[in-house]
Amino acid sequence: MFDKILIANRGEIACRIIKTAKKMGIRTVAVYSEADAKALHVNQADEAYLLGGAAAKDSYLKAEKILEIAKLSGAQAIHPGYGFLSENAEFAKNCKDSDVIFIGPPVPAIVAMGSKSAAKEIMQKANVPLVEGYHGDNQDPKFLQQQAIKIGFPVLLKATAGGGGKGMRIVNNEDEFIELLGSCQREALSSFGDDKVLVEKYLTKPRHVEIQVFADKHDNQVHLFERDCSVQRRHQKVIEEAPAPSIPDSVRKNLGQVAIQAAKAIGYEGAGTVEFLYDSDDSFYFMEMNTRLQVEHPVTEMITGQDLVEWQLLVAAGEELPCKQEHLTVNGHAFEVRIYAEDPTQDFLPATGKIKHLRFPENSPHIRVDSGIVENDEISIHYDPMIAKLIVWDKNRNNALARLRGAISACQIAGLTTNLSFLLSIATNESFINKDLDTSFIEREKETLFPVPEQANEKILAIASLFLMLKRDQEQQTSRLLTGDPYSPWNQTNGWRLNKDNYHAIQFTETILGEAHTHDILVHFRNQGFEIDVNQSTMLIDGEFSEDGTLFSVINGLRSMANIAQIGEELTIFVQGKTHILKLPSLINDNQDKQDKNKLTAPMPGSIISILVKAGEMVKCGDPLLIMEAMKMEHTITAPADGKVETIFFSKGEQVEESAQLVKFSPAEND
Ligand code: ADP
């Protein structure tokens with residue numbers, strides 16, 4: 001076994017690999033970018049080396065430098081994690097040539113699966129079922145359009161070098177083919193440096209079911225059952241579970257065997273995932289094989305009791321697989337949710353910023369949190385906006401789902417927008433509970449998954465007021481101890497006033513869908529607690545903080561629990577899985593720009609890749625005006641109303657800062 005390995009990755013996956021390496025007594029070498037100098041993975045490793053600037057191309061993709069560091073530090077092997085260099089055949093080959101073991105499959109296997117089209121050809125020969133399509137070399141737009149007509153619409157265009165759900169377009173008819181092909185090729189080129197695409201039949205209600213396979217250098221292959229990853233946004237997984245529900249045993253067995261067949265066809269070694277589209281008639285089709293560890297590997301670990309990173313290290317060191325197929329069994333059910341910094345209500349637009357408050361539920365046999373982020377870390381535009389993976393396990397799906405709801409509700413993240421409440425609405429969605437899964441789940445259930453944000457009710461406002469009063473109490477007690485006269489009436493916090501009624505007026509502001517709402521509250525001091533007037537109702541409230549900062553309150557005799565993070569003048573209130581943000585008056589009115597229909601601004605830093613209208617043009621509400629690229633994804637800026645495009649402030653190719661005004665727009669008179 002190795003004494004020392006280098007981890008060519010960052011964030012949660014680097015931390016995850018370090019955990020197993022430590023368990024096995026293997027020393028670890030981390031690499032990092034300037035932006036990650038204080039990151040958790042750097043702190044957890046035994047040694048760490050700076051790679052360069054924040055952008056991945058200046059750091060985590062600098063293959064040569066990483067190899068040099070491996071040599072310099074004496075690491076015998078490199079674990080690439082996922083993303084970055086994990087499926088880069090040239091890097092794997094250079095490792096081999098430098099006598100450093102690449103913890104992954106042999107180079108030819110990576111090459112074989114590196115192109116979605118070449119992979120399909122190999123699988124076709126190995127009798128692995130494929131969805132109908134064209135995956136050849138001819139990239140002439142007219143020719144591809146003809147292929148699409150032959151296959152029958154809808155079709156899916158896919159970047160052959162693609163991954164992570166990028167570089168894909170659904171084309172519903174012949175007329176939109178050429179335009180969508182262009183946009184697909186642009187995204188493919190900017191994300192993968194290759195604009196080649198394939199065309200295939202778009203299945204309208206498939207599930208995404210994938211099989212975890214493992215193989216060693218001694219011709220042993222096993223599968224570790226399946227995962228269902230059908231709940232997706234932008235073709236990217238949001239929730240994964242294992243085992244996949246409602247799959248007949250015979251089909252399940254068959255899936256496992258076909259996956260092993262696929263692995264054998266390319267002489268596979270190490271961890272791999274064979275992804276299938278699973279249709280409603282229980283037929284399934286090979287989609288692609290990922291030649292690395294997957295983000296969602298923990299659900300497989302939870303139901304099999306195996307440590308897949310340990311298996312990877314054993315295989316890379318030349319040992320046999322720890323188990324034969326007959327020794328592997330499924331125990332219980334597991335879910336994983338990906339907690340992202342993003343806004344589900346704005347088409348999952350990634351969010352950036354500082355995580356000012358972060359609490360996760362504690363790890364236990366039922367709950368596991370994999371994260372590489374700590375409080376005060378930045379989510380930047382340079383990397384994936386994933387904050388953490390939350391994994392739960394229980395003896396059956398229903399119990400695991402209850403665990404999931406509890407665990408999501410226990411997460412507290414303040415400072416930027418997250419998808420936590422969206423995840424909770426999936427976990428409480430009836431179709432999801434009833435296992436009614438397919439890849440259009442989010443689109444199909446959107447009415448219930450994107451609940452309209454509600455204003456804070458009287459109870460929340462009372463709790464927030466109590467929080468402020470108790471905090472003020474704590475602060476004054478501290479300052480009383482510091483002053484010369486601790487008994488001075490001026491330092492009392494019991495509401496004592498000279499010639500005045502003993503009350504306190506609080507005003508909170510809350511922004512819901514771009515509109516500011518004001519809440520006026522009167523807090524009267526009582527011998528025991530407070531009396532609070534809010535929205536014409538009066539409540540008696542008292543409470544206290546527990547040691548971990550949770551606020552326990554009793555409102556009109558009813559006890560409840562909340563967590564509140566105060567960041568400057570802003571309170572983030574976490575109560576029963578819901579989050580409310582209340583601002584104190586000095587922060588009111590900071591959202592003007594978003595409401596201003598005449599001004600269209602960049603939602604994040606990025607570059608302008610296409611301008612679709614001219615100054616002076618009349619447009620309809622929702623018409624695309626220009627396309628930006630940010631975080632390797634295209635974002636279309638659309639007209640907020642019917643009206644006229646007055647000015648376009650940037651030209652194609654230009655970089656824009658967050659909130660920069662892109663377009664001046666005049667809504668039509670009757671708007
Ligand atoms: P990536 O490598 O970018 O993850 P995949 O080929 O794995 O791309 O596809 C990602 C997702 O896109 C799948 O999980 C599935 O939801 C959807 N998808 C892919 N191919 C098809 C298809 N032919 N029909 C319907 N959905 C598809």
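**Exercise 1. In which loop is Lys620 found, and is Lys620 buried or exposed?**

Before starting, note that this is a predicted model, in which local features need pLDDT of at least 70 and side-chain atom pairs count only at pLDDT 80 or more, while totals for chains, interfaces and linings use all residues. Residues are numbered from 1 along each chain as its sequence is written, and side-chain values use heavy atoms, with hydrogens and water left out.

Step 1. Lys620 is found in the loop between strand S34 (618-619) and strand S35 (624-630); helices (H or I, at least four residues) and strands (E, at least two) are DSSP runs, numbered from the N terminus.

Step 2. With a relative accessibility of 55%, Lys620 counts as exposed, where buried means under 20% relative accessible area, exposed over 50%, and partly exposed in between (1.4 Å probe, protein chains only).

Step 3. When residues up to four places away in sequence are not counted, Lys620 touches Ala639, Ala641 and Asp642, contact being heavy atoms within 4.5 Å. The C-alpha atoms of Lys620 and Asp642 are separated by 4.2 Å, although these residues are 22 apart along the chain.

**Exercise 2. Find how many aromatic pairs the whole structure holds, and describe two of them.**

Step 1. The search of the whole structure finds 13 aromatic pairs, a pair being rings of Phe, Tyr and Trp (its six-membered ring) whose centres lie within 6.5 Å, with planes under 30 degrees apart counted as stacked, over 60 as edge-to-face and the rest as tilted.

Step 2. One of them joins Tyr60 and Tyr383 in an edge-to-face arrangement, 5.8 Å centre to centre and with 75° between the planes. Because Tyr60 lies in the loop between strand S3 (47-52) and helix H3 (63-73), and Tyr383 in the loop between strand S21 (378-379) and strand S22 (386-394), this pair ties together parts that are 323 residues apart in sequence. Both Tyr60 and Tyr383 are buried, and ring pairs link Tyr60, Phe84 and Tyr383 into a cluster.

Step 3. Tyr134 and Phe143 also form an edge-to-face pair, at 5.1 Å centre to centre and with 75° between the planes. Tyr134 counts as buried at 14% relative accessibility, whereas Phe143, at 24%, counts as partly exposed.

**Exercise 3. Locate two charges that sit over rings.**

Step 1. Arg233 lies over the face of Tyr340, 4.6 Å from the ring centre; a charge sits over a ring if NZ of Lys or CZ of Arg is within 6 Å of the ring centre and within 35 degrees of the ring normal.

Step 2. The charged end of Arg397 is placed over the ring of Phe432, at 5.0 Å from its centre.

**Exercise 4. Describe two cis peptide bonds and two positive phi values in the backbone.**

Step 1. Most residues other than glycine have a negative phi, and most peptide bonds are trans.

Step 2. The bond from Phe153 to Pro154 is cis, with omega near -5°, and Pro154 is in the loop between helix H7 (141-151) and strand S7 (155-159). The bond from Ala242 to Pro243 is also cis, with omega near -5°, and Pro243 has its place in the loop between strand S12 (236-242) and helix H9 (249-265).

Step 3. Phe225, in strand S11 (residues 221-233), has a positive phi near 70° and counts as buried at 12% relative accessibility. His235, found in the loop between S11 and S12, has a positive phi near 60° and counts as partly exposed at 31% relative accessibility.

**Exercise 5. Work out which residues come nearest to the ligand, and how much of the ligand the protein buries.**

Step 1. Among the 21 residues around the ligand, Lys116, Gly165, His208, Gln232 and Glu288 come nearest, a residue being near if one of its heavy atoms lies within 4 Å.

Step 2. A side-chain N or O atom of Lys158 is 3.0 Å from an oxygen atom of the ligand, a polar backbone atom of Leu203 is 2.9 Å from a ligand nitrogen atom, and a polar side-chain atom of His235 lies 3.4 Å from a ligand oxygen atom; a polar contact is a pair of N or O atoms within 3.5 Å, and within protein one must be able to donate a hydrogen and the other to accept it, with residues adjacent in sequence counting only if both atoms are side-chain atoms.

Step 3. Taken alone, the ligand exposes 550 Å², of which the protein buries 96%, with accessible areas from the Shrake-Rupley method and a 1.4 Å probe; for residues, only the protein chains shown count as cover.
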